[in-house]
Amino acid sequence: MSEKIPNMDYDADEVINEFKEKIKWPKKKEVEAIVTPPNVPLRILIAIVITVIGAGVLYYMMLPAFNFKDSQMYMFFMAVVALFIGAFYVACKANRMIERREYVRKKSFVPVIIIAVIAAIMAVGYLTGITLFRAHSYSQLMTVESSDFSEDFADISYDEVPRLDKQTANYLADQQLGKLDEYKSQYVVTSNSTQINYKNTPVRVAYLEYANIIKWFNNTKNGLPAYMVVDLVSQKVQVVNCVETFGEGIKYSPTELFNEKLIRHIRFQYPTALLDTPNFEIDDEGHPYWITPVLDHTIGLFGGTDVKGAIITDALNGESQYYDIETVRTDSSLNWIDVVYSESLIIQQYNYYGKLQNGFWNSVFFQNDVNVASSGSGNIALDDDVWVYTGVTSIESDSSNFGFVLCNQRTKETRYYKNGGATEYSAMKSAEDTVQNYEYKATFPILLDIEGQPTYFMSFYGEGYTIRGFALVNLEDKTIVGRGVYDEEKSMVNALNAAVENYINALKDGGIVGSEADAEDYMVDEDTAETETDVTAETTLQTVTGEVTDIKTSVNDGNTVYYLQIEGKYYYISVVDDMEVLLISKGDTVTVEFEETDGDFIPAKSVKK
């Protein structure tokens, strides 16, 4: 046996490390296993076909304008490039074969760069149009001229101004639809009504919408059969049957689907136009049209939104015509158009004007001569146009106004009046305080000139949005209020006269006007005003008691309406007006309170078991 004994003093870690040094396993980043799929041209073609189909579907849904000033266009192209990357990934079966993923990743480098470039263009376009850098340009979007209140408002008679605001007018239109058996189960009244001047009368026009997708399938072939006209003075609702009047229904509207959907129809006609929300209007003959403002971004790529023209679309046959904004303003044949500039755009531009006159940083820190529109806005008819009016208040407080502005919705002419006082909502509260015992609510006010005093005029409404009276509140001193209510005066004409008489007496008591001020100058004659008053408001409440032989329901403008058949007639009431109707079943004996109305469908005021 050998006397030499092997050295067994080994360090296992040293052995392993020596082995690693000799072998040296490569790191993952040092190995690139790129496996090219077979038939690459065919796979690229498949990816292109998938992308084209997907892009078509995406365009049909997004409807971007092919316009460098439309951010939607950039988002669309970014989505299309991302879609191609995904389609190529699937076409190469990289989702199932890991060895092909590196190939797809390498080939996706250029499309990813394209997405990054598009995103960079959007970022630069946005930065070049923000108010931080372009405050002066934003402040010049709107030109505001000072004007004289007494002179401009002298010809506005308080008995000819709207007595309904948008909410109450929409409710009356919906109520009228419920009386029409041929319409009520298939359609609802849109909440997007438009205030216009129709034959020198302020009205709101509202189109119908399909009640649901099933009703669309049943009726879309013939289109929407009618539209509603709500007279804001007389409070009467007229249903204009387009099929009987014009020979066909409204084929293009926002409630349609597919190619008849209004915004899609207009987009296919004008693929590069920046489209605002269409407004429903009628011309002097009652023919329905859609007025779609065409926008422009005048600051940077996406800032300084303004109107550059309007597209007039025949609601019946879909024919459209574009007019630039100067033509809309000056062409007398287009004077029937009332709304081109939306209220939201007008308020936005005035806020830019009021805040940024002295630069961006002044609007943030120093706030010298900074003002903004108050929280409320309304509409008034003036010079045969519809004007938006809103109070002007400090940026720090909305407790009072130090002036107000009017802006023409067709021409964007803007007038400033240095008449300060109560905000619209505080005036509404003052008026409501005078009728606390009735629990009436006030409509959004309208400005009038009464004895040289800027005065808020508003209506009172009760349950069911029925007009129940009127109030006049002084702009400068909201404690000076004149009211007149139907419950006390027994007619709407008397209520209107009582409101102005009480108001002028309050002005005299406050020493604001002299003793020579005469309420008789504003009185409305009972005979001449008879046809202009709210018929439903002046009728006496009736009752009927009987067994409920049938119950039907419908959803009108989001509200569930119950129709109870008693003695052959249906009495209907909304759940929001009387929750007790939910407890009534077929066969119950109930007492219905209603206003005397002809027809088989009668609006109920209350229902009791």
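The model is predicted, with local features requiring pLDDT of at least 70 and side-chain atom pairs counting only at pLDDT 80 or more, whereas totals for chains, interfaces and linings use all residues. Residues are numbered from 1 along each chain as its sequence is written, and side-chain values use heavy atoms, with hydrogens and water left out.

The protein chain contains 19 helices and 28 strands, these being DSSP runs numbered from the N terminus (helices, H or I, of at least four residues; strands, E, of at least two). Of its 609 residues, 51% count as buried, that is, under 20% relative accessible area with a 1.4 Å probe, protein chains only. The accessible surface of the protein chain comes to about 30000 Å², of which 52% belongs to carbon and sulfur atoms, as computed by the Shrake-Rupley method with a 1.4 Å probe. Among contacts (heavy atoms within 4.5 Å) between residues at least 6 apart in sequence, 56% join residues at least 24 apart.

Helix H2 (residues 40-62) packs against helix H3 (residues 71-91) at an angle of about 145°, with their axes 8 Å apart; axes are lines fitted to C-alpha atoms, for helices over the stretch in contact, and angles run from 0 to 180 degrees between N-to-C directions. The contact involves, among others, Ile44, Ala47 and Leu58 of H2 and Met75, Phe76 and Leu83 of H3. Its residues divide into 18 nonpolar, 3 polar and 1 charged, where Ala, Val, Leu, Ile, Met, Phe, Trp, Tyr, Cys and Pro count as nonpolar, Asp, Glu, Lys and Arg as charged, and the others, Gly among them, as polar.

H3 also packs with helix H5 (residues 109-127), at an angle of about 165° and with the axes 9 Å apart, and the two helices are therefore roughly antiparallel to each other, a term for angles over 145 degrees. In this contact, residues of H3 including Tyr74, Met78 and Ile85 meet residues of H5 including Pro111, Ile118 and Met122. The residues involved divide into 15 nonpolar, 1 polar and no charged.

The axes of helix H6 (residues 131-139) and helix H14 (residues 343-356) come within 9 Å and cross at roughly 105°, and these helices are therefore roughly perpendicular to each other, as angles of 65 to 115 degrees are classed. Thr131, Ala135, Tyr138 and Ser139 of H6 make this contact with Tyr352, Tyr353 and Leu356 of H14, and these residues divide into 5 nonpolar, 2 polar and no charged.

Notes: Buried means under 20% relative accessible area, exposed over 50%, partly exposed in between (1.4 Å probe, protein chains only). Angles under 35 degrees count as roughly parallel, over 145 as roughly antiparallel, 65 to 115 as roughly perpendicular and the rest as oblique.
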